[in-house]
Amino acid sequence: MSVVLVGISHHQAPVELRERAALDPDRAAELARRLAGERAEAVCLSTCNRTELYLADESGEEAERKAEAALLALEEELGPALYRLHDEAAALHLFRVAAGLDSMVPGEGEILGQVRSAYEGGATGPILDRLFRDALHAGKKARTETAIGESPASVSSAAAALAEQVFGDLSGRRVLVVGAGETGELAIKSLVARGAELAFVANRTAAHAEDLTRRFGGEPLALDEVATRLEHVDVVLASTSAPGWLLTRTDVERTLHARRGRALFLIDLAVPRDLEPSIHELDGCYLYDIDDLEAVVAETLAGRRREAERAESIVAGEADRFHEWLASLDVVPAIASLRAHAEEIKAAELARAKLSGAERRAAESVTAAVLNKLLHLPTIRMKQAAAAADGVIYADAVRHLFGLEDER
Amino acid sequence: MAELLFWPALVAYGEAAVAYFGDARHPGRAGRFATWGVRIGWLVQTALLAVQAARADGFPWSSWAGSLNLFVWLVVGAYLIWGCRPRYRLLGLAVLPLAFVLFVLARVGGGTGIGTRSHYSNLFLVLHVGLVLAAFAGFTLAAGLSALYLWQERRLKRRESTILRLRAPGLAKLDDVAARTIAVALPALTLGIVVGGVRLENRGGGFDALMAVTVVTWGVYAAYLALRHFAALHGRRAAYVVLAGFILVAVVRLALPVTHFAT
């Protein structure tokens, strides 16, 4: 039995090509069922970064041909970008994908769920079932035993993670947003996802502010009201295109007494900046601008790459284990035949012997013990040989030596 | 029996201390090993204290070294309540090496042995020593939290790009947990001082310098809680007050052998 992978990914194919081969979960499941047919197994993994077909079939070449044809039927120009991997390499690739090691941002968390969905929608049998279960296990293990997926990979998520460094849990923390642009919205999403509450949105165009408050809650404000609401918020997020300071050190200083020692975290995503930098010097105030946040993201991405090295060794170990299991399948029929052959001889000899009931039971027990002891070592050695790629030779030798050829 | 329990507890604390350093470098598995080291060490030390209590004639931790043994158990026990959460593991970097060293000192001073005799009544020592040591354990942890606060605040003020690599609990959380710990420890110290005062009154005896420092310590922490409530003492200044109080706690603990445990 061979495992074959044919696919495209962000490494070789630009987005214009990937989008033409992208399949929604229903179409991916349908393609997998069609490719599997009666005897084979197939799974289609389709995400924004890749479309990959995993097949398990008696003939690796035939499986590769089928998978290639299926992908080229989606888009003829895919040809040069296609990659083809077999058995151990295909397994290692899937394990790396599940661990986020093949993603654009190392360790990104979404891929594990996508692999699980593909597995659940696939036409799996014993081989791909085991392969995908092991891949999910490897993905989880890489994430729990390393910090590959822990640090934020974007400016907006870094801003939210820094807010957690100030407040701990963000549940119930109130956010004031100045500027209702796209950049600010991403940061709002990250903060709200961690439990923060949108309290006020101030924007030059009132309609944009109202649109944000409709979606995330809170109250629209005029820009000149911002300073008056500082007392009631924990986080200020600014991202306008205004030329001067929207919030000065004096504005913040005025509210410090009323805040009674509560910390204030300010995020300035605007260029030119909206918040006077010296606010950061005030006791209990922490101001991060776009450069500070980008430096944090660069560092966390570097950290993810360092962790990726540790994750690679975890994934390689899991892939080795899968390979050993797959290889052992080659010798399983030979082992089963050998044991069946031995059992037949035992049963025939016992049937010929004239024994009383007690004697027969004793003889059965002794011969069973002898057979088990005799066959134990060859069984172990054959499995070991299978893992070392000599399994087929050993299996053939056993069949020849014991006359098992007809039982193939 | 004491040997059988002391060494495993010490090894577990030592393992936890080393694992906390490993966790600081590569967060993950080392942190879990550290947590289990703390739990196992504390359980074994609990067994040691139970055996000491069962076999002693009177209060078993009436010597300076004995009280150190009890103090280590209280500090680690208080840390166990919330310290094993991943974000607070950084605090383990300070608590476990300290617990390890103090536990060794307790052993060197003979405070981990069995069958000790006490000069004092059981009830007085259980109340006075137990309450004061429990309060000091709380103040020690609060000092650790405040030190962690100042370190974390410094990183945020410096806008260190590596700040998310080694994540600490949020500043507000550290500030709050330190205050809660003190709010629990201060009543224990108050009761401990009152019990000591009553005994001093009944048996006679002088008011020594150590007692004066203990009362000043009480004053610092009481002022901390009062200022926090009435004058919104939070953040960096609050952390400095907690550390100042801890210096007094350290002075009292170091002075104990030459005053209270001099005999």
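**Figure 1. Contact between chain A and chain B in the predicted model.** Chain A gives 25 residues to this contact, and chain B gives 22 residues. On the side of chain A that touches chain B, the elements giving two or more residues are helix H7 (155-167), strand E10 (285-289) and helix H12 of chain A. H12(A) supplies the largest share of that side, with seven residues. By residue class, the side of chain A that touches chain B holds eleven nonpolar, eight polar and six charged residues.

**Figure 2. Crossing of helices H4 and H12 of chain A.** Helix H4 covers residues 87-98 of chain A and helix H12 covers residues 290-352 of chain A. Their axes come within 9 Å and cross at roughly 140°. Because of this angle, H4(A) is oblique to H12(A). The crossing of H4(A) with H12(A) is right-handed.

**Figure 3. Residues in the contact of H4(A) with H12(A).** From H4(A), the contact is made by A:Asp87, A:Glu88, A:Ala91, A:Leu92, A:Phe95 and A:Arg96. From H12(A) come A:Val315, A:Ala316, A:Glu318, A:Ala319, A:Phe322, A:His323 and A:Leu326. The residues of this contact are divided into eight nonpolar, one polar and four charged.

**Figure 4. Burial of strand E3 of chain A.** Strand E3 spans residues 50-57 of chain A. Eight of its eight residues are buried, so E3(A) is largely enclosed by the rest of the structure. A:Arg50, A:Glu52, A:Tyr54 and A:Ala56 point one way from E3(A), while A:Thr51, A:Leu53, A:Leu55 and A:Asp57 point the other way. The residues pointing either way are all buried.

**Figure 5. Pairing of strand E1 with strand E3 in chain A.** Strand E1, residues 2-9 of chain A, pairs with E3(A) in the antiparallel sense. Eight bridges make up this pairing. A:Ser9 stands opposite A:Arg50 in E3(A), and A:Arg50 is one of the buried residues of E3(A).

**Figure 6. Hairpin of strands E2 and E3 in chain A.** Strand E2, residues 41-46 of chain A, runs antiparallel to E3(A) and is joined to E3(A) by six bridges. A:Glu41 stands opposite A:Ala56 in E3(A). A:Ala56 points the same way from E3(A) as A:Arg50, A:Glu52 and A:Tyr54. Three residues lie between E2(A) and E3(A) in the hairpin.

Terms used. Residues numbered from 1 in each chain as written. Chains lettered and ligands numbered in written order. Predicted model: local features only at pLDDT ≥ 70, side-chain atom pairs only at ≥ 80, totals over all residues. Axes fitted to C-alpha atoms, helices over the stretch in contact; angles between N-to-C directions. Helix = DSSP H or I, 4+ residues; strand = E, 2+ residues; numbered from the N terminus. Parallel < 35°, antiparallel > 145°, perpendicular 65-115°, else oblique. Left-handed = near helix turned anticlockwise from the far one by under 90°. Contact = placed C-beta atoms within 7 Å. Nonpolar A, V, L, I, M, F, W, Y, C, P; charged D, E, K, R; others polar. Buried ≥ 20, exposed ≤ 12 C-beta atoms within 10 Å, placed from the backbone. Pairing = 2+ DSSP bridges.
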